[in-house]
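Welcome, and please have the sequence and the 3D view open side by side. The notes below walk through the model one region at a time.

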Amino acid sequence: MGCVFSLPEDRLVDIDSAQTTRETSFIDKMKKTGRNIVVFYGSQTGTAEEFSNRLAKDAHRYGMKGMSADPEEYDMSELSRLPEIENSLAIFCMATYGEGDPTDNSQDFYDWLHEGDADFTGVKYTVFALGNKTYEHYNAMGKYVDQRMAELGAQRIFDLGMGDDDGNLEEDFVSWREQFWPAVCEHFGVEATGEESSIRQYELKVHSDLNMNKIYTGELGRLKSFENQKPPFDSKNPFLAPVTVNRKLNKAGDRHLMHLELDITGSKIRYESGDHVAVYPINDSVIVNRIGEVLGVDLDTVISLNNLDEESNKKHPFPCPTTYRTALTHYLDITNPPRTNVLYELAQYATDPKEQENMKKMASSSPEGKALYQSWVLDSCRNILAILEDLPSLRPPIDHLCELLPRLQARYYSIASSSKVHPNSIHICAVVVEYQTKTGRVNKGVATNWLKNKTPTDNGHKATVPMYIRKSQFRLPFKSTNPVIMIGPGTGIAPFMGFVQERGWLKEQGKEVGETVLYYGCRHKNEDFLYQEELKEFEKTGVLTELNVAFSRDQTEKVYVQHLLKRNKEAVWRLVHTDNAHIYICGDARYMARDVQNAFYEIAEELGELSQAQAVDYIKKLMTKGRYSQDVWS
Ligand SMILES: Cc1cc2nc3c(=O)[nH]c(=O)nc-3n(C[C@H](O)[C@H](O)[C@H](O)COP(=O)(O)OP(=O)(O)OC[C@H]3O[C@@H](n4cnc5c(N)ncnc54)[C@H](O)[C@@H]3O)c2cc1C
Ligand SMILES: Cc1cc2nc3c(=O)[nH]c(=O)nc-3n(C[C@H](O)[C@H](O)[C@H](O)COP(=O)(O)O)c2cc1C
């Protein structure tokens with residue numbers, strides 16, 4: 001450890017308070033710092049924020065000055081004042097969530113835009129939307145902001161960009177950006193200033209004399225918040241929940257499906273069936289150590305990365321001061337394939353001309369470069385360590401690497417319990433991610449492998465998980481008499497364990513409860529029929545009125561939940577059309593959710609005697625009425 005315990009108290013205060021400086025007027029800030037481009041981001045898991053930072057950084061190449069801004073931190077009603085700044089432009093990088101909803105940090109902006117009647121005459125803007133085609137409301141937020149800004153009088157200076165996370169989001173962004181900047185040049189009559197250059201945003205400070213109590217050890221917000229836990233608990237202040245149960249759910253097969261129970265006693269955390277629990281995992285120490293080894297650095301060096309822009313609200317890329325080890329373990333994403341801007345910035349450190357050329361090529365917008373990035377990085381699932389190993393001349397300074405890597409994100413899990421039955425416990429049902437890459441490496445999912453090892457008796461210590469609750473709109477019907485049809489194959493069963501528990505509890509309270517129908521799917525009856533005993537018991541006691549299970553691999557032809565729905569079409573149609581059933585779908589967004597939706601279209605078409613278009617309309621109306629809800633991920 002490179003630190004002693006003697007930093008003067010006044011300097012320590014400086015370090016702490018630096019994390020929380022705030023100014024809510026972005027116009028004042030832009031004027032004060034000579035900026036003319038503001039890039040707002042609506043981001044949940046960091047991608048839109050990253051794109052926003054990149055666009056803000058790009059601006060200097062055109063003699064302009066940009067700043068990236070979180071709409072939650074600023075007074076957005078000032079947007080109409082933007083024309084006070086010469087040659088000004090607002091860019092929005094907006095991700096879509098839920099069922100076409102805004103991200104948490106753009107919710108207030110969305111509400112204000114939606115309800116207000118601001119006059120944006122003279123405001124120039126463009127939007128890049130981030131979404132995923134497998135979702136029903138593809139890029140809904142980006143489209144909305146783009147359209148609403150125009151309605152309120154703003155001038156769109158470049159067409160809406162559409163990024164699809166199911167395809168290659170990075171490429172969509174790079175291609176859009178490539179055409180966007182020339183359009184900006186033309187619009188404002190400016191020119192590119194020349195060769196792209198790499199500019200450091202943060203300055204390294206190595207601390208050799210810092211009090212250990214002032215060093216972040218994985219906290220997300222307040223220093224020592226893990227030792228001294230204080231409610232309310234949220235994304236900046238997660239609760240350390242002890243793991244009380246961690247058991248394997250599948251009886252056989254090469255996968256590991258698990259059930260975990262997190263104890264929230266005393267935390268004042270409240271949840272509802274259908275909510276999500278977010279957990280902050282940590283990276284595998286093997287990968288962290290290996291990065292230190294490859295780069296030849298002492299990972300226990302205490303450092304701060306300080307923003308060179310003193311006006312920025314973001315003083316550090318992650319909580320500082322800290323060690324490289326903590327940064328790589330708790331704060332940085334070291335397992336996803338790096339984006340092209342990271343390759344671009346790192347290329348300068350490759351001493352082998354061929355390696356440098358390839359890195360630059362992958363970061364370029366040439367078709368050859370894009371294809372190389374796709375195959376060498378994305379298709380080969382190369383993370384930063386694999387890249388360092390496979391490019392032996394690439395040895396960047398670790399502080400620059402830490403500046404460039406994105407933040408490690410919390411993982412969400414659909415809560416598999418009902419708070420009516422388990423008020424002090426949150427259940428998770430998850431599958432451990434592990435796969436072999438084209439390079440022969442075995443990649444392991446960060447959170448699931450970390451959770452797998454969270455055993456309740458961890459050397460006599462309580463194994464804990466930093467967590468918070470994310471509210472959802474996936475809710476049982478208000479009236480318990482309404483029937484429900486739940487479709488959740490695989491780990492998609494999770495929220496339905498909560499729903500079924502809750503319907504059982506309602507029955508126990510003497511409430512009349514409508515039909516409770518479950519469509520579950522797994523590979524083999526004797527292998528991965530999750531919660532088989534519990535579900536059979538619910539069936540026996542009449543809480544589950546129907547348990548339909550599709551065993552996909554127990555016979556020669558594949559059988560999935562959508563096949564069972566179609567097989568039971570009369571009963572399904574009666575529940576939906578006559579009995580006002582609510583339909584719920586949980587699990588895989590890419591294939592399952594779409595196939596199930598198609599099955600409902602077909603059933604509506606056939607039994608409702610509707611045309612194809614009318615059948616689609618029928619199901620879409622159920623969605624608008626909140627009777628067709630999805631909790632899906634890909
Ligand atoms: C709202 C919501 C609810 C969710 N609920 C649940 C739930 O109840 N249960 C559950 O198990 N999960 C759930 N998830 C998924 C969960 O959040 C995590 O994404 C999942 O557990 C993997 O996390 P990880 O950190 O272990 O893997 P990561 O380290 O994030 O790795 C996963 C990534 O690895 C890559 N990958 C995985 N397999 C392969 C392969 N074969 N080939 C190539 N690349 C591959 C993919 O890029 C994938 O995104 C939910 C997600 C959301 C958004
Ligand atoms: C739970 C969940 C729900 C999503 N819902 C939508 C959606 O309704 N429409 C859409 O286009 N994309 C949807 N997406 C995709 C995200 O918008 C996309 O992955 C985006 O790149 C995330 O950006 P961020 O990292 O800045 O939050 C969803 C993603 C998740 C994980």
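## Around Gln-630

Leaving aside residues up to four places away in sequence, Gln-630 touches Glu-99, Phe-474, Ile-585, Ala-593, Gln-597 and Met-623. Please keep in mind as you look that this is a predicted model. Gln-630 belongs to strand S24, which covers residues 628-633. With a relative accessible area of 16%, Gln-630 is buried, the cut-off for that word being under 20%.

## The overall fold

Stepping back, the protein has 20 helices and 24 strands in its secondary structure. Its radius of gyration is 26 Å, close to the 26 Å that the globule rule gives for 634 residues, so the protein is as compact as a globular protein of that length.

How much of the protein is made up of buried residues? The share is 53% of the 634 residues. Contacts tell a story about sequence distance too: among those between residues at least 6 apart in sequence, 76% join residues at least 24 apart.

## Surface and charge

The protein exposes about 27600 Å², and carbon and sulfur atoms supply 47% of that area. As for charge, there are 73 positive and 92 negative charges in the protein, and their mean positions are 3 Å apart.

## Aromatic pairs

How many aromatic pairs does a search of the whole structure find? The search finds 28. One of them joins Phe-26 and Phe-40, an edge-to-face pair with 5.1 Å centre to centre and 85° between the planes. This pair links distant parts of the chain, 14 residues apart: Phe-26 sits in helix H2 (residues 26-33) and Phe-40 in strand S1 (residues 37-42). Phe-26 counts as buried at 0% relative accessibility, and Phe-40 counts as buried at 1%.

The rings of Phe-92 and Phe-109 are arranged in another way: their centres are 5.6 Å apart and their planes are at 5°, so this pair is stacked. Phe-92 lies in strand S3 (residues 89-95) and Phe-109 in helix H4 (residues 107-115), so the pair ties together parts that are 17 residues apart in sequence. Phe-92 is buried, with a relative accessible area of 0%, and Phe-109 counts as buried at 4% relative accessibility. There is also an aromatic cluster to look for, formed by Phe-51, Tyr-62, Phe-128, Phe-158, Phe-173, Trp-176, Phe-180 and Trp-181.

## Around Met-486

Next, turn to strand S20 (residues 484-487), where Met-486 lies. Is Met-486 buried or exposed? Met-486 is buried, with a relative accessible area of 0%.

Which residues does Met-486 touch, not counting those up to four places away in sequence? They are Phe-496, Phe-499, Val-500, Thr-516, Val-517, Leu-518, Tyr-519, Leu-544 and Tyr-584. For Phe-499, which is 13 residues from Met-486 along the chain, the C-alpha atoms of the two are separated by 9.0 Å.

## Backbone details

Most residues other than glycine have a negative phi, and most peptide bonds are trans. Against that background, a few places in the backbone deserve a look. A cis peptide bond joins Pro-231 and Pro-232, with omega at about 0°. Pro-232 is in the loop between strand S7 (202-207) and strand S8 (239-248). Cys-320 and Pro-321 are also joined by a cis peptide bond, with omega of about 0°, and Pro-321 is found in the loop between strand S11 (302-307) and strand S12 (322-323).

Asn-87 is not a glycine, yet has a positive phi of about 50°. Asn-87 lies in the loop between strand S2 (66-69) and S3, and at 32% relative accessibility counts as partly exposed. For Asn-139, phi is near 55°, a positive value in a residue other than glycine. The loop between strand S4 (124-131) and helix H5 (140-151) is the place of Asn-139, and Asn-139 is buried, with a relative accessible area of 1%.

Note on methods:
Residues are numbered from 1 along each chain as its sequence is written. Chains are lettered from A and ligands numbered from 1 in the order in which they are written. This is a predicted model: local features need pLDDT of at least 70, side-chain atom pairs count only at pLDDT 80 or more; totals for chains, interfaces and linings use all residues. Side-chain values use heavy atoms; hydrogens and water are left out. Helices (H or I, at least four residues) and strands (E, at least two) are DSSP runs, numbered from the N terminus. The radius of gyration is taken over C-alpha atoms; the globule rule is 2.2 Å times the number of residues to the power 0.38. Buried means under 20% relative accessible area, exposed over 50%, partly exposed in between (1.4 Å probe, protein chains only). Contact means heavy atoms within 4.5 Å. Accessible areas come from the Shrake-Rupley method with a 1.4 Å probe; for residues, only the protein chains shown count as cover. Lys and Arg count as positive and Asp and Glu as negative; His and the chain ends are not counted. The place of a charge is taken as NZ of Lys, CZ of Arg, CG of Asp or CD of Glu. Rings of Phe, Tyr and Trp (its six-membered ring) pair if their centres lie within 6.5 Å; planes under 30 degrees apart count as stacked, over 60 as edge-to-face and the rest as tilted.
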